[in-house]
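Below is a short briefing on one chain, grouped by topic. Please read the sequence and the model alongside it.

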Amino acid sequence: TPTHPVEMITWENAQEWARRMSLRLPTELEWEYAARSGGDRYYAGSDDTSSLEGAENVADEAFRNAPFAGIATWNDGYAL
C-alpha cells in the first residue's frame, strides 16, 4: 500500500513514481534540514559524534571501511 516503505528501488524510479503522484523527493538541503530536526547542528541535536552512540547504526563493519572510518569509536553491536 502507499503507506508501506519501498525497498530496492532506484533513485530514478522513485523520481518517476513521485512525478506520477504529483509529488517530489526532497532536495539534499531539505533532507539534511529534516535529519537535523530543523536545527543547525551537524547531527540531530549535537555537533558531537558521541551523541550518535546507542541511537544510530554507524559503527558497524561496513562503516569502518568507509571514508568516514574512525569517526565512531564505539561498537554499535551490529556486523553490518
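From the N terminus on, the elements of this predicted chain run α-α-α. The secondary structure comes to three helices and zero strands, where helices (H or I, at least four residues) and strands (E, at least two) are DSSP runs numbered from the N terminus. In this predicted model, local features need pLDDT of at least 70 and side-chain atom pairs count only at pLDDT 80 or more, while totals for chains, interfaces and linings use all residues. Residues are numbered from 1 along each chain as its sequence is written, and side-chain values use heavy atoms, with hydrogens and water left out.

**Confidence**
- The chain averages a pLDDT (the predictor's confidence in each residue, from 0 to 100) of 76, and 57% of the residues score at least 70.
- Mean confidence is highest in helix 1, at 92, and lowest in helix 3, at 63.
- Where pLDDT is low, the predicted coordinates should not be read in detail.

**Burial and contacts**
- Of the 80 residues, 15% count as buried, meaning under 20% relative accessible area, with exposed over 50% and partly exposed in between (1.4 Å probe, protein chains only).
- Among contacts (heavy atoms within 4.5 Å) with a separation of 6 or more, 6% join residues 24 or more positions apart.

**Arg-41**
- Arg-41 lies in the loop between helix 2 (28–35) and helix 3 (61–64).
- Its relative accessible area is 40%, so Arg-41 is partly exposed.
- Leaving aside neighbours within four places in sequence, Arg-41 contacts Arg-36, Ser-46 and Asp-47.

**Met-21**
- Met-21 sits in the loop between helix 1 (11–20) and helix 2.
- Met-21 counts as partly exposed because its relative accessibility is 45%.
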